[in-house]
Amino acid sequence: MTDWLHLDAEHVWHPFTQAATAGPPLGVVSGQGAKLRLADGREMTDLISSWWVNLHGHAHPAIAAAIAEQAQRLEQVIFAGFTHQPAAELAGALAQRLPGDLSRIFYSDNGSTAVEVAVKLALQYWRNLEQPRQKLLTLDGAYHGDTFGAMSVGRSSGFYEPFEAWLFETAAVPNPHTYTGDPAPEERMAAALAWLDDYLEQHGQQTAAMILEPLLQGASGMRVTPPEFVAAAVRRVRAHGILVIFDEVLTGFWRTGRPWAASWLPPDCAPDLMCLSKGLTGGFLPLGVTAATPRIYSAFLGQSFSRAFAHGHSFTANPLSCAAALASLRLLDLPQTQADIARVCAAHAAALPELAAQPGLGRVRQLGTLLAADLTLAAAPETYGSQTSLRLRQFLRNRACCCGLWA
């Protein structure tokens with residue numbers, strides 16, 4: 001064992017890992033394109049884009065060069081009372097690309113904090129209007145991150161049992177997620193909308209916001225929600241004045257075959273707040289964004305600091321992260337990148353029939369660059385980290401594939 005792997009074994013606590021049973025982690029020494037090189041000399045294909053963050057391949061020279069150039073000028077500065085060019089240019093570039101009129105950009109550090117910001121903004125928005133609303137709506141099976149506010153709006157994902165007593169109450173709309181060949185999606189959508197209508201009749205005027213992962217829930221098992229349902233739900237809550245928050249931490253930056261999952265919806269269903277992270281910097285550095293409409297932003301203006309949004313992070317709008325994000329956006333705009341995205345989407349669509357015919361697989365579905373299927377090998381549904389999942393992960397690792405699986 002190399003010295004640094006010994007230090008890892010002695011001192012590092014890894015996330016989402018049961019250390020007593022997981023075995024030693026794979027040591028990675030470098031990455032190039034879709035490949036990771038391990039400490040033992042093996043090469044591995046990164047099929048999970050390193051937790052869905054890497055858009056352009058590891059060590060892409062354009063992003064690396066942008067970070068190196070920025071590091072020679074300004075690596076960090078407090079963002080309260082100060083600003084810098086990469087943050088301003090990135091905010092402008094995002095405002096041009098985001099749906100609706102999401103033109104105000106609040107920076108944070110990651111997906112969880114972007115969601116935390118959105119929830120706090122929604123609640124304080126109503127307080128600033130002197131019309132306090134306390135309730136929040138989510139979509140069943142939601143996962144929005146691991147800080148306490150994000151856990152509360154994602155409690156139906158089932159990850160947070162140790163913290164249940166400390167989470168604030170939310171209501172979860174049934175999720176009529178669907179798949180290729182689904183025999184009855186309309187019935188489930190009608191039932192879910194009926195549930196929502198009943199909730200709104202009772203609690204619509206007390207509900208501050210509805211937050212959802214539009215069209216795709218990642219941690220709940222790559223569940224695809226029909227855009228028709230999302231649009232209908234958004235219109236219903238809007239009729240009660242409820243703010244709409246889209247968590248596009250996973251779905252943003254062309255993951256669904258379009259710039260945003262919101263791009264699959266009618267223009268009137270654009271959100272009031274949108275959360276971004278993961279692919280934002282092309283996988284190079286941490287950065288989170290919560291985008292807001294002018295209506296939200298204006299509710300925080302006034303002569304008293306009590307109306308301001310008193311929230312921030314030490315590394316808010318870090319210049320290196322912003323420079324990486326700008327470089328990533330430029331790469332996304334390239335004709336070759338757009339051609340690659342179209343090629344992946346078409347290949348996945350063509351693979352649907354073959355995948356559906358494979359024994360042990362069911363509920364095949366596709367959304368842009370996403371292609372997923374459920375394992376049907378077990379006699380009964382298994383929980384996250386099940387033995388089936390662990391065995392398949394080890395099978396793929398033995399064949400030099402870095403993968404992500406949800407049981």
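Trainee: Which helices and strands each supply at least two residues of the lining of the second largest pocket?

Mentor: In this predicted model, at least two lining residues come from each of α5 (85-97), β4 (104-108), β12 (288-292) and α10 (294-298). Strand β4 gives the largest share of that lining, with four residues.

Trainee: What is the volume of the second largest pocket, and which of its lining residues are the closest to its centre?

Mentor: The volume of the second largest pocket is about 730 Å³. Of the 25 residues that line this pocket, Phe79, Ile105, Phe106, Tyr107 and Tyr297 are the closest to its centre.

Trainee: How do the residues of that lining divide into nonpolar, polar and charged?

Mentor: The lining of the second largest pocket holds 17 nonpolar residues, seven polar ones and one charged residue. Tyr counts as nonpolar in this scheme, and Gly as polar.

Trainee: Why is Ser49 called buried?

Mentor: Buried means under 20% relative accessible area, and Ser49 has 18%, so Ser49 is buried. The residue belongs to helix α3 (residues 49-52), and although Ser49 is not a glycine, its phi is positive, at about 50°. Most residues other than glycine have a negative phi.

Trainee: How do you know that the side chains of Asp197 and Arg236 meet in a salt bridge?

Mentor: The N to O distance between the side chains of Asp197 and Arg236 is 2.8 Å, and a salt bridge requires a side-chain nitrogen of Lys or Arg within 4 Å of a carboxyl oxygen of Asp or Glu, so the pair qualifies. This pair links distant parts of the chain, since Asp197 lies in helix α8 (residues 185-203) and Arg236 in helix α9 (residues 227-238), 39 residues apart. Asp197 is partly exposed at 35% relative accessible area, and Arg236 is partly exposed at 29%.

Trainee: What makes Glu69 and Arg73 a salt bridge, and is Arg73 buried or exposed?

Mentor: The side chains of Glu69 and Arg73 are 3.4 Å apart, N to O, which is within the 4 Å limit, so this pair also counts as a salt bridge. Arg73 has a relative accessible area of 55%, and because exposed means over 50%, Arg73 is exposed.

Trainee: Why does Arg365 count as buried, and what is the class of Asp374?

Mentor: With a relative accessibility of 6%, Arg365 is under the 20% limit and therefore counts as buried. Asp374, at 27%, is partly exposed. The side chains of Arg365 and Asp374 meet in a salt bridge of 2.7 Å, N to O.

Trainee: How many salt bridges does a search of the whole structure find, and which residues are linked in a network?

Mentor: The search of the whole structure finds 13 salt bridges. Arg238, Asp272 and Arg295 are linked in a network of such bridges.

Trainee: What makes Ala194 partly exposed, and how far apart are Ala194 and Val173 in space?

Mentor: Ala194, in helix α8, has a relative accessibility of 43%, between the 20% and 50% limits, so it counts as partly exposed. Ala194 and Val173 are 9.9 Å apart in space, C-alpha to C-alpha, and 21 residues apart in sequence.

Terms used:
Residues are numbered from 1 along each chain as its sequence is written. This is a predicted model: local features need pLDDT of at least 70, side-chain atom pairs count only at pLDDT 80 or more; totals for chains, interfaces and linings use all residues. Side-chain values use heavy atoms; hydrogens and water are left out. On a 1 Å grid over the protein atoms alone, a cavity is a set of points where a 1.4 Å probe fits but cannot get out, and a pocket is an open set with protein on both sides within 12 Å along at least five of seven lines; lining residues have an atom within 4 Å of a point. Grid points are joined across faces, edges and corners, and a volume is the space filled by probe spheres set on the points. Buried means under 20% relative accessible area, exposed over 50%, partly exposed in between (1.4 Å probe, protein chains only).
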